[in-house]
Amino acid sequence: MRSLILAAVLLTTTSSLLPQDRRFVVAIGGLMHESNSFNPAKTVVADFEGMRGATNLQGGDLLASLRKSNTEISGYLDGADQEKFDVYPAYIASATPSGPLTKDTFETLTQRLVTSLKGAPKLDGILLALHGAMVADGYPQADEEIVRRVRTAFGPSIPIVVTHDFHGNPSPELIKLSTALVSYQQNPHLDTRLRGRRAASIMARTLRGEVKPVQVILKPDMVYNIIFQNTYAEPLLPITKASQDLEQSNSKILAVSVMGGYQYSDVPYMGPSVIVVADGDRALADREAKRFADLLWSSRDRIVLKIPDPAAAVKQAMAETKFPVSLFDTGDNVGGGSSADSTFILDELVKQKATGWVMTIADPAAVQTATKAGIGNTFDMAVGGKADNLHGKPVSIRGKVKSLHDGDYIETEIRHGGGRYFSMGPTAVIEVDGGTKDEKNLLILTTRRIVPFSIHQIVSLGIYPERQKILVAKGTVAPRAGYEPVSAKIIVVDSPGSTAVNPGRFTFKNVRGKLWGMQ
Ligand SMILES: [Zn+2]
């Protein structure tokens with residue numbers, strides 16, 4: 001979803017067979033952000049005004065472009081066509097995941113949303129696209145506050161149907177304030193459009209008086225760790241499948257949303273949720289919500305986070321018999337926005353006197369030092385751990401400059417993200433003291449932060465991954481396609497950092513209590 005402002009024009013989405021005065025008018029609005037409470041970078045209004053790819057599209061043009069995408073908004077538009085209601089385009093904006101919104105930003109955006117909705121000449125219902133994990137200064141459960149403001153502006157009787165990302169952390173209060181909540185059921189999210197269509201259908205049927213939505217939310221007191229949030233694999237796969245089956249088999253069930261939650265939001269209702277929307281039957285909604293909450297809770301023994309910390313991971317890698325072993329540095333997941341200069345694993349490689357390793361650190365100053373020294377000459381400097389205070393301290397490295405590069409490389413296979421041309425910027429390879437002729441310790445210093453999608457990042461520097469014993473890749477999932485083919489084994493490391501997968505590495509202050517899985 002891009003950041004968009006829609007002109008206040010009323011659009012008839014299909015040529016009508018009904019008299020114009022019998023068509024309902026439903027507004028489409030949205031504010032979407034996934035906020036990491038532990039990311040010090042605040043999100044501001046400008047982040048919602050990126051307008052990449054959709055600049056200056058308004059009204060009908062904008063809806064035409066949204067129709068071609070596969071978001072919940074395109075699903076709303078499909079629903080409007082099928083159910084024959086008119087669409088009033090209100091304010092829609094989203095921004096890339098980052099830190100919480102400033103209070104001013106939240107006030108400005110909600111004001112824009114409510115003002116745009118108020119601009120409608122006539123309104124029968126409101127479809128609201130919210131992520132569900134927005135955090136703002138002063139409003140930890142920011143999505144709840146958005147719904148509250150819209151509800152306050154339009155009164156208790158207008159239907160407000162909300163959609164959420166699978167990673168939302170909805171509160172019971174949001175469930176009270178909205179008419180129905182429908183979340184994506186799948187992660188990776190391949191069903192966004194279908195879920196928007198379901199929300200639009202609930203809206204239309206409610207307006208026609210065919211159904212009376214009642215909804216129930218249950219929140220098992222647990223963290224469903226991000227590592228296990230794949231709905232196409234056990235243990236979530238059968239639970240997701242059961243939620244889809246229930247929607248299809250019981251006409252009294254309007255929507256079932258089993259949400260994984262977002263563990264990087266320090267808010268009261270962080271964690272997984274079950275929301276069941278039934279037609280007038282609260283006991284049914286209660287019963288089914290309880291069934292799904294129990295399914296989540298009883299899968300605890302299959303989602304225990306048992307991965308080694310950097311010290312244990314390096315020790316384990318050194319003890320293996322088949323090489324190379326790849327260590328995935330999850331705390332410094334560059335694709336998730338981290339610094340790319342974490343030193344926790346580097347420090348252990350040096351301390352434990354590992355040999356035959358390759359590791360990459362983004363450190364422009366160290367590249368300059370190596371370049372000045374020149375190939376074959378001594379390198380002696382503390383590297384990494386400089387971008388922020390979350391990714392370790394600089395580690396003293398002594399060795400010689402092995403090679404210098406422009407840092408460009410090409411990936412011809414399809415890897416995560418599908419990129420072909422990459423540039424690390426000026427890059428130096430340091431042969432670090434302590435290795436042997438056969439088992440060299442190679443530290444790659446790059447100017448830019450690079451997500452390790454491709455093994456050619458190191459191959460292009462004249463390094464043969466198959467001759468090394470330990471490869472370190474900074475990521476959780478992104479490096480798999482590139483590193484699996486060359487690795488005898490992959491060890492996912494519980495390393496600290498802004499993208500740490502272990503909730504025990506963060507101090508939560510606002511969560512409703514101690515949850516299972518927080519460690
Ligand atoms: Zn998501």
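Tutor: Helices here are DSSP runs of H or I with at least four residues, and strands are runs of E with at least two, both numbered from the N terminus. The model is predicted, local features need pLDDT of at least 70, side-chain atom pairs count only at pLDDT 80 or more, and totals for chains, interfaces and linings use all residues. Residues are numbered from 1 along each chain as its sequence is written, and side-chain values use heavy atoms, with hydrogens and water left out.

Student: Where does lysine 84 lie in terms of those elements?

Tutor: Lysine 84 is in the loop between α2 (72-83) and β2 (86-94). Its phi is near 60°, a positive value in a residue other than glycine.

Student: Why is lysine 84 called partly exposed?

Tutor: Buried means under 20% relative accessible area and exposed over 50%, with partly exposed in between, using a 1.4 Å probe and protein chains only. Lysine 84 has a relative accessible area of 35%, and the term partly exposed therefore applies to lysine 84.

Student: What makes alanine 340 buried or exposed?

Tutor: The relative accessible area of alanine 340 is 5%, which is under the 20% limit, so alanine 340 is buried. Alanine 340 is placed in the loop between β9 and α10 (344-351), and its phi, near 70°, is positive although the residue is not glycine.

Student: How do you know whether the radius of gyration of the protein chain agrees with that of a compact globule?

Tutor: The radius is taken over C-alpha atoms, and the globule rule is 2.2 Å times the number of residues to the power 0.38. For 519 residues a compact globule would have a radius near 24 Å, and because the protein chain has 26 Å, the value agrees.

Student: What makes a group of residues a nonpolar core?

Tutor: A nonpolar core is a set of buried Ala, Val, Leu, Ile, Met, Phe, Trp, Tyr and Cys residues joined through side-chain atoms within 4.5 Å. The largest has 64 residues, of which Leu31, Ile126, Leu127 and Leu128 touch the most other members. Apart from it lies another core, of 30 residues, including Phe379 and Leu443.
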